Amino acid sequence: MTTLTARTVAHANIALAKYWGKHDSARNLTAVPSLSLTLDRLRTETDILFDAGLAQDEASIDDEPLYGRPLERVVALIDQLRAMAGVTLCARVTSTNSFPTASGLASSASGFAALVLAGSKALGLSLSLPELSALARGASASAARSLFGGFVALEAGAEAAVPVAPRDHWDVVMLVAVVTRATKGVASTEGMGHTARTSPYYRAWVDSAPEVFQEVRRAVQERNLEVLGEAMEHSALLMHACMLASRPSLFYLTPSTLVVLDAVRSLRNAGVSAYFTMDAGPHVKVLTLPVHAEQVAHTLEVLPGVVEVLSCRPGPAAHEASADTQP
Ligand code: DP6
């Protein structure tokens, strides 16, 4: 009986300059450029098995089987790989996340990056990194960035992400203040469509994002945390302002989110370099330097509503895992 397998690892990334909105929905090309940091601590491990004994495609994340739209997105990506390889076998995908799934912690980014690499390896396709990144982008644009380690850009309308600087370029710490374990209300894809259709600020967001992206990229290249932090916060707040102005309003922030933002500002007033960003969920990610990481983490841990603080460093590119690797 024919069996093809692979096991891969990919790491989530957090955008320092945000992507929100599609230039082309059918091809999932982005309306604005984005720049992210791949994180070591946020890790997805994926096993894929193509087997003649399977009657249909199956997928699970953290032992929860996928159904409906989430399963369709996985199958659509596997279909592309099967077509390229000329294979018709059904697949079983088993993924494990080292962090809360689908709560605005970029699980689709690491998930689709791990999946595209696993599927292509199992099917014996030798695809380049840009080809893998482009396939991942079609499934979820932020996933295009998770094929690469360190600092990564995805230009507006681009097929594939490109590395900006390797993980050892700059030893920064990203502290993820987890404020709930619940899954998020509105998935990014739906949220973006809703924002583009109904927010009067959408045009202003698309027009202003490229300049903020340039500032973020320059600050990363120059390792300037003050300049990066200011631009990063501006990017996140521009994006959330645009979401908030949609109708009905798209509101990902909770009281706990605001408590964390306030604490970050207080830290800064006390001379600690720490800057926040938020995605399509209530968690706050705080960027700082190793020298301040312990103090910032202790401050965040005791805030009301914060359930956990995950300490992350720049992470590696997606890669194959050896059979004995534990999640
Ligand atoms: C707020 O990549 O999840 O995290 O392409 O529709 O799957 P789709 O969206 P997705 O959006 C991520 C949005 C964000 C910002 C970012 O990561 O750049």
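Trp20 and Tyr252 are both buried, buried being under 20% relative accessible area, exposed over 50% and partly exposed in between, with a 1.4 Å probe and protein chains only. This is a predicted model, where local features need pLDDT of at least 70, side-chain atom pairs count only at pLDDT 80 or more, and totals for chains, interfaces and linings use all residues. Residues are numbered from 1 along each chain as its sequence is written, and side-chain values use heavy atoms, with hydrogens and water left out.

Now the aromatic pairs. Searching the whole structure gives two. Rings of Phe, Tyr and Trp (its six-membered ring) pair if their centres lie within 6.5 Å; planes under 30 degrees apart are stacked, over 60 edge-to-face, and the rest tilted.

Trp20 and Tyr252 have ring centres 6.3 Å apart and planes at 85°, so this pair is edge-to-face. Trp20 sits in the loop between strand 1 (3-17) and strand 2 (22-24), and Tyr252 in the loop between helix 7 (225-244) and helix 8 (255-269), 232 residues apart. Helices (H or I, at least four residues) and strands (E, at least two) are DSSP runs, numbered from the N terminus.

Phe151 and Trp170 are stacked, 6.3 Å centre to centre with 25° between the planes. Phe151 is in strand 8 (residues 151-154). Phe151 is buried at 1% relative accessibility, and Trp170 is buried at 7%.

Last, the serine. Ser120, in helix 2 (residues 107-122), is buried at 2% relative accessible area. Leaving out residues up to four places away in sequence, Ser120 touches Leu81, Leu125, Leu127 and Leu132, contact meaning heavy atoms within 4.5 Å.
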